[in-house]
Amino acid sequence: MLFSSIPFLYTFLPCVLILYFLVPGWLKNTVLLLSSLFFYAWGEPRFVVFMVIAIVQGYVFGLLAEKFRDRPKRAKLCLWASAVVSLGLLGYCKYADFFISGFNTLTGLSLPLLHVALPIGISFYTFQILSYVIDVYRGDVTAQRNLIDLAAYVAMFPQLIAGPIVRYADIAPELTRRRHTLADAAAGARRFVVGLGKKVLIANVLYELMSAFLQSTQPSVLFTWLYAVACALQIYFDFSGYSDMAVGLGQIFGFHFPENFRYPFLSGSVTEFWRRWHISLGSWFRDYVYIPLGGSRCSRSRWLLNVFLVWGLTGLWHGAAWNFVLWGLFFAVLL
């Protein structure tokens, strides 16, 4: 169910909003959770199981990591166990065929591919659960005792499809106590409409132009350049449009999600571009991969290795194919 679809705009969203604002405060997270699970199950009901497993293991290992904080080895074991489960589910669903194909190419074997369908949003909610357990392990946040509250944070439908990657620390206070005002709801509605306009009026039209180019048998040089520009702008308006809609919906429900785009095409350098583009992903890799590896506070050779590792993983996060990995390494070279 897409945010720009008729069922979402005229049936699902109005029903959820009415129910959400009718129930008392202690039931609001339950309404958010149930509506989010329904939203997720609308197109892929069988993949709700993956999400439930990921949420439950994050909840359990988060509590255990906090319980064993005075026993570092046990706490670290809980952290690694959660990471193995989370990344294992992501790897099975998203990267199994990629690794099998690579193995077949290297060995000359012909192991059958699994052809596992990719669950919607699994990359986003996997990173949210990982950051939650890591933050609990570090002592940056307190483990959530209420399973419904944690599940509502992970499965919340506004940011489930295309982010932003919302960290638990960003909205932990609002999960238990948040204010709902008419001003916030109006501002959220305006933000949602702006994002909807980006998606429907700009991104979708640019996609039609791109489709016309791909169907063309003898594209001109001008048409090729037009396609390149349209492709870059279509990705931006589609992605930032969804982020705007997510931030707007979150504000209506009383949450304040982080910004994900800040006019990236106005950047003066590649470094500035990645500070403005998909901000939540870049900051996630910085705080949970780059800095723990040593960041730039190490030898030059190790720093270069850290940069290439992070950007190789960034490319792989975007898609299970070598062109995505090379795309990430290309930006590593530029940076």
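Guide: Contact here means heavy atoms within 4.5 Å. The model is predicted, with local features needing pLDDT of at least 70 and side-chain atom pairs counting only at pLDDT 80 or more, while totals for chains, interfaces and linings use all residues. Residues are numbered from 1 along each chain as its sequence is written, and side-chain values use heavy atoms, with hydrogens and water left out.

Visitor: Which residues of helix 3 and helix 5 meet?
Guide: Phe50, Met51, Ala54, Ile55, Gln57, Gly58, Gly62, Ala65 and Glu66 in helix 3 meet Tyr125, Ile129, Tyr132, Val133, Val136 and Tyr137 in helix 5. Helices (H or I, at least four residues) are DSSP runs, numbered from the N terminus. The residues of this contact divide into eleven nonpolar, three polar and one charged; Ala, Val, Leu, Ile, Met, Phe, Trp, Tyr, Cys and Pro count as nonpolar, Asp, Glu, Lys and Arg as charged, and the others, Gly among them, as polar.

Visitor: What makes helix 3 roughly parallel to helix 5?
Guide: The axes of helix 3 (residues 48-67) and helix 5 (residues 122-138) come within 8 Å and cross at roughly 10°. Helix 3 is therefore roughly parallel to helix 5, since angles under 35 degrees count as roughly parallel. Axes are lines fitted to C-alpha atoms, for helices over the stretch in contact, and angles run from 0 to 180 degrees between N-to-C directions.

Visitor: Why is glycine 58 called buried?
Guide: Buried means under 20% relative accessible area (1.4 Å probe, protein chains only). Glycine 58 has 1% relative accessibility, so glycine 58 counts as buried. Glycine 58 lies in helix 3 and, leaving aside neighbours within four places in sequence, is in contact with Ser82, Ile129, Tyr132, Val133 and Leu150.

Visitor: Why do cysteine 78 and cysteine 93 count as buried?
Guide: Cysteine 78 is at 8% relative accessibility and therefore counts as buried. Cysteine 93, at 4%, is buried by that cut-off too.

Visitor: How many disulfides are there?
Guide: A disulfide is a pair of cysteine sulfur atoms within 2.5 Å. By this rule the count is zero.

Visitor: Which residues touch the most other members of the largest nonpolar core?
Guide: They are Phe3, Phe8, Phe39, Tyr125 and Phe157, in a core of 96 residues. The largest share of this core, ten residues, comes from helix 5. A nonpolar core is a set of buried Ala, Val, Leu, Ile, Met, Phe, Trp, Tyr and Cys residues joined through side-chain atoms within 4.5 Å.

Notes: Buried means under 20% relative accessible area, exposed over 50%, partly exposed in between (1.4 Å probe, protein chains only). Helices (H or I, at least four residues) and strands (E, at least two) are DSSP runs, numbered from the N terminus. Angles under 35 degrees count as roughly parallel, over 145 as roughly antiparallel, 65 to 115 as roughly perpendicular and the rest as oblique.
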